[in-house]
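Please read them with the structure open.

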Amino acid sequence: MNDAFRRGAREGFVACIPVAVGLIPWAIVTGVAMRSHGLSVVESLGMNLLAFAGTAQLGTLPLIASGAPLWLITLTALVLNLRFVIYSAALAPAFEGQPWSRRVLSSYLLADGVFAVLSERLLASRDRAWRWGCFIAPSVMCWAAWQAFTVVGVFGAEALPRDWSLEFMATIALLVMLVPMAASRPMLVAAVVGGLATVMLRGMPFKLGLVAGIVLGIVAGFVAEFWQQRWQQRRSA
Amino acid sequence: MMWQGMWLWIALVLIAATTIVTRGSFIIPGERVRLPPVMQRLLRYAPAAALAALVVPDTLLDAGEFDPLNPKLAAALVVAAVCLRTRNPWLPFLAGMAVMLVLRKGLGW
């Protein structure tokens with residue numbers, strides 16, 4: 001528990017408060033959904049502890065409820081998790097010098113919001129203890145918020161207002177992360193192309209349009225960066 | 001019944017395995033698997049592209065159909081405007097949900 005760890009933990013924690021707030025409605029919805037798809041309380045809590053992955057949980061519940069074959073359930077979960085391969089590859093250098101146990105724990109805890117908000121800072125820092133604090137503190141906070149509010153959903157499935165569009169809070173949380181990120185021209189291009197491509201490719205099976213849209217957005221941002229540099233070089237020449 | 005209970009737990013463990021395998025794909029092997037620098041530069045755009053890929057469909061689509069004139073897009077634009085003007089962490093949630101509820105419940109849009 002040295003000083004760098006604590007400073008990193010504080011910075012990551014504060015930066016990820018909107019992420020945790022945005023997880024709350026998702027967690028409640030997921031808790032309600034597990035119960036309404038026929039899982040018992042113990043099975044719901046078990047699923048939640050084993051797989052900390054809202055999208056994969058919500059996506060596989062209809063298959064579980066209909067008794068689909070195990071290979072199909074596994075394949076669907078795998079595809080819904082594919083975006084994490086991109087995150088994992090991007091974030092791997094931040095775990096340099098960390099023991100195996102911390103890497104496995106981090107892999108279990110890695111969430112969309114934490115990656116989106118902190119990846120740039122984590123990769124920029126040269127202090128291993130700071131990086132570890134900055135990743136693990138907000139990740140544990142998001143995990144705890146997720147577990148707590150899924151339990152609310154599991155036990156309160158009947159009592160919550162259904163017509164308040166509470167799930168929209170998740171979208172707001174993602175926007176709060178996206179807006180400051182899109183400040184540079186290439187980042188804005190990546191976001192616009194990624195978003196619109198996903199809309200146009202929405203017909204692809206197993207949400208593969210999401211993966212394809214992300215890839216197109218990444219490539220578009222990279223190309224925009226290349227053009228921006230060439231343009232600046234020509235102006236200064 | 002016994003087997004049905006077992007089957008469900010096997011399914012849950014397999015789902016859990018896919019989340020660890022994907023998220024750990026590069027984090028766990030660490031230095032043994034290195035990405036070329038070009039890939040690392042490409043991946044800097046992954047967060048923005050991924051966030052937009054999750055947000056934009058939710059604001060432009062209504063029940064899977066393209067429909068930009070919906071309360072979610074109006075609320076999202078208000079949220080974006082609020083984010084550009086203030087760093088208050090709660091205000092975007094309050095403003096976005098207020099717009100959403102006024103349009104949905106107040107005006108029946």
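The points below take confidence, then the contact between the chains, then the domains.

1. Confidence. This is a predicted model. Chain A averages a pLDDT of 88, and 96% of its residues score at least 70. Helix 7 of chain A (residues 100-109) has the highest confidence, at 96. Helix 10 of chain A has the lowest, at a mean of 80.

2. Extent of the chain contact. Chain A brings 83 residues to the contact and chain B brings 67 residues. Between them the two chains bury about 6,600 Å². Carbon and sulfur atoms give 78% of that area. On the side of chain A, L70(A), F168(A) and F222(A) supply 9% of the area buried against chain B, more than any other three residues.

3. How many salt bridges cross the interface of chain A and chain B? The rule finds one. The partners are the side chains of E225(A) and R41(B), at 2.5 Å from N to O. Polar contacts between chain A and chain B come to nine residue pairs, both residues at pLDDT 80 or more.

4. What chain A presents. Which helix gives the largest share of the side of chain A that touches chain B? Helix 10 of chain A (residues 168-181) does, with twelve residues. By residue class, that side of chain A has 58 nonpolar, 18 polar and seven charged residues.

5. Domains of chain A. The assignment gives domain 1 as 3-179 and domain 2 as 182-237. Their C-alpha centres lie 25 Å apart. Domain 1 of chain A puts ten residues into the contact with domain 2 of chain A, which puts in nine residues.

6. Domain 1 and domain 2 of chain A bury about 800 Å² between them. Of this, 82% is on carbon and sulfur atoms.

7. Helices at the domain contact. On the side of domain 1 of chain A that touches domain 2 of chain A, helix 5 (70-80), helix 6 (83-91) and helix 10 each supply at least two residues. Helix 5 of chain A gives the most, with four residues. That side of domain 1 of chain A divides into seven nonpolar, two polar and one charged.

Key
Residues numbered from 1 in each chain as written. Chains lettered and ligands numbered in written order. Heavy atoms only, no water. Contact = heavy atoms within 4.5 Å. Buried area = accessible area lost by both parts, 1.4 Å probe. Salt bridge = Lys/Arg side-chain N within 4 Å of Asp/Glu carboxyl O. Polar contact = N/O pair within 3.5 Å; in protein donor to acceptor, adjacent residues only side chain to side chain. Nonpolar A, V, L, I, M, F, W, Y, C, P; charged D, E, K, R; others polar. pLDDT = per-residue confidence, 0-100. Domains from an automatic or database assignment.
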